[in-house]
Amino acid sequence: MDHLLREIYKQSYSRLFASLYQRFNDFELVEDGIQDAFEKAMVKWRDPPDNPAAWLYTAAKNRILDQIKRPGRDAAMFDEQFHGNSGEYLPAEVQLDEQLRLMCFCCHPALGERVRILLTLKLVAGLTTDEIGAALVMKSKTVGQALTRAKKKIAKAGIPFKSPDLLDLSQRIPEIQKILYLMFNEGYHSNSDHSLYRVDLCNEAIRLARILTEPPNRDYSTKPLLALMLFQHSRSKARMSPSGEPVLLKDQNRKLWNQDMIAEGRQILKELEEKNVSTQGPYYYQAVIAREYAIPDDFSKSDWVKICLTYEKYYYAHPDPIVLLSWISAESYRSNAKNALALIERSGLERHLREYRWFYSVRAELHARIGDHTAAVADIERSLTLTGNPGERRYLHRRLRELGGHKSIRSPE
């Protein structure tokens, strides 16, 4: 039941929050109410009800109403009519999806960029503070403190929970895109202790991106992001072994890739390139690289010259240490692993990616390719300290055994 409740939490948190916050307009009351509802479910549910979300909504609402009736609270201020009702939307022809509406609320211009991302990952994606911290390479305590400050700022500024007009929506789209990207990445490289690949988050990010790119919104700037997510999601059935270990891109069975998603992603990029629309942003560059990996029927046939040139344009247009790491990894196939390791050393990447587990995994494979198993083992052991995902840990322990490394870190059961 614990696992089932976690899944229900991920799937229903944003809708529960949106419905309850619109009615009661109080962060603490709503979050406490939802938390209490899940605690009650853990005790009372032997089997989940027919409509778990409705049960949880009722339980949370009753908890909030009980809190309001306590001495010292003004129950009148929570009157439903005072705060509006669930019908307060844009006209039907431009009506926003409920969760997109919540995203617009989280992306209010009065909030700082990092706060917008934190709020949306918490409220829309339903991530825990630990998962948000892992996704953004932040400490969980720092995430919790930032969320607390954000709630206070929203209350003090009186930011309303309502649909923005079309101008506000257009101004918030870049931030929404960042959040969709982070949401998808959390699903694609899940930091959860239970699942390496969270299909629900990936599907949700794609669904919300479609809402932006299709009529009536038809936002072309989101199309490269949609193409990127389609390319990445197309590999979902090939990314895990039967034992739950990650399967690297070079080892994946490409017959399992979803060709419909790949074809849609390629068509999106073709249309954008023909119209010269949105072809300089980070999502476009990543989508082009993903397309290049999707074209050949074997990893070794990848066009490394084109991939590396795209990474070069991407990095100089949008400098970022993770982009540089990916570029260097691609360069190791265009030239060799020894040159790639030298590039990592000269660039000082470790200073910037000290807490990024993929840095050590990438460098470990480069060391292994040149036969330096001692250095590879050290990097794998460092990577093990930075991930709690059982599937990833099994993979890393297997690599340790293959490289003759010791088991200084306990392997998962």
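Mentor: Start with the helices: they are DSSP runs of H or I, at least four residues long, numbered from the N terminus. This is a predicted model, where local features need pLDDT of at least 70, side-chain atom pairs need 80 or more, and totals for chains, interfaces and linings use all residues. Residues are numbered from 1 along each chain as its sequence is written, and side-chain values use heavy atoms, without hydrogens or water.

Now find helix H6, residues 129-136, and helix H7, residues 140-157. Their axes (lines fitted to C-alpha atoms over the stretch in contact, with angles from 0 to 180 degrees between N-to-C directions) come within 8 Å and cross at roughly 110 degrees. H6 and H7 are therefore roughly perpendicular to each other; that label covers 65 to 115 degrees, with under 35 roughly parallel, over 145 roughly antiparallel and the rest oblique.

Which residues of H6 and H7 meet? On the H6 side they are Thr129, Asp130, Ile132 and Gly133. On the H7 side they are Ser140, Val143, Gly144 and Leu147. Contact here means heavy atoms within 4.5 Å. These residues divide into three nonpolar, four polar and one charged. Asp, Glu, Lys and Arg count as charged; Ala, Val, Leu, Ile, Met, Phe, Trp, Tyr, Cys and Pro as nonpolar; the others, Gly among them, as polar.

Helix H1 (residues 2-24) and helix H2 (residues 27-44) pack at about 150 degrees, with axes 10 Å apart. H1 brings residues including Leu5, Ile8, Tyr13, Phe17 and Phe24 to the contact. H2 brings, among others, Phe27, Val30, Ile34 and Phe38. The contact of H1 with H2 holds 15 nonpolar residues, one polar and two charged.

Next, look at Val362, in helix H17, residues 357-369. Val362 has 23% relative accessibility, so Val362 counts as partly exposed; buried is under 20% and exposed over 50%, with a 1.4 Å probe and protein chains only. Leaving aside residues up to four places away in sequence, Val362 touches Leu325 and Ser329. Ile328 lies 34 residues from Val362 in sequence, yet their C-alpha atoms are 9.7 Å apart.

Finish with the cysteines. The disulfide count is zero, where a disulfide needs two cysteine sulfur atoms within 2.5 Å. Cys104 is buried at 0% relative accessible area. Cys202 is also buried, at 0%.

Notes:
Helices (H or I, at least four residues) and strands (E, at least two) are DSSP runs, numbered from the N terminus.
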